[in-house]
Amino acid sequence: MIDDIYNSRILELAGNIPRLGRLDDPDGSAKAHSKLCGSTVVVDVKVEDGVVTDFAHDVKACALGQASSSIMASHVIGATAEELHEVRDAMRAMLKENGAPPQGRFAECAVLEPVRDYKARHASTMLTFEATVEAVDQALAKAGAGAAAGSDA
């Protein structure tokens, strides 16, 4: 039943999203959009030594996109690019391949497990994971380019 994906915990997460807004001078920014439902998430990150040190996001999404964004914002500070790639891949596997929910710092994502039965809801649930990985990868690439440029001086 669709009530499974709109349970009280998901609605609570969706109604209490931390770190809303945009960063003034992000190291990386990315936007993810679902054509199916029109949801959009824009993520800004600050990254230092490969670790997320600040995060903000503009979330214009359905309850599932809001809930997943809330989980991301609650746990992303201190995460490495590797952890973020792992949680994105685990979420994709959980939704599309009947995989296990993410573990570790993002274990709370298990609350989204019922979404796997509603394929039309997968894209909005994945927006924050896709955008955060892209923003962090962009920040790391910029830092690498800056380091490379600095070494040529």
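Thr 128 counts as buried because its relative accessibility is 0%, where buried stands for under 20% relative accessible area, exposed for over 50% and partly exposed for what lies in between (1.4 Å probe, protein chains only). The model is predicted, so that local features need pLDDT of at least 70 and side-chain atom pairs count only at pLDDT 80 or more, whereas totals for chains, interfaces and linings use all residues. Residues are numbered from 1 along each chain as its sequence is written, and side-chain values use heavy atoms, with hydrogens and water left out.

Thr 128 belongs to helix α4 (residues 122-152); helices (H or I, at least four residues) and strands (E, at least two) are DSSP runs, numbered from the N terminus. When residues up to four places away in sequence are not counted, Thr 128 touches Val 41, Ser 68, Ser 69 and Met 72, a contact being heavy atoms within 4.5 Å. The chain as a whole has 4 helices and 3 strands, and its elements follow the order α-β-β-β-α-α-α from the N terminus on.

Strand β2 (residues 40-48) is mostly covered, as 7 of its 9 residues are buried.

The largest nonpolar core has 40 residues, of which Val 45, Phe 55, Leu 84, Met 91 and Leu 112 touch the most other members; such a core is a set of buried Ala, Val, Leu, Ile, Met, Phe, Trp, Tyr and Cys residues joined through side-chain atoms within 4.5 Å. At least two residues of this core come from each of α1 (8-15), β1, β2, β3, α2 (63-75), α3 and α4, and α4 gives the most, with 8 residues. Leaving aside neighbours within four places in sequence, Val 45 is in contact with several residues, among them Leu 23, Pro 26, Phe 55, Ala 135, Val 136 and Ala 139.

Helix α3 (residues 81-96) has 16 residues and spans 22 Å from its first C-alpha to its last, close to the 22 Å expected at 1.5 Å a residue, the expected span being 1.5 Å times one less than the number of residues. Its buried residues are Ala 81, Leu 84, Val 87, Arg 88, Met 91, Met 94 and Leu 95. Seen down the axis of α3, these buried residues fall within an arc of 160 degrees, and therefore line one face of the helix; the arc is that of the directions from the helix axis to the C-beta atoms. On the other side of α3, Glu 82 and Lys 96 are exposed, and just after the helix Asn 98 takes a positive phi of about 60 degrees.
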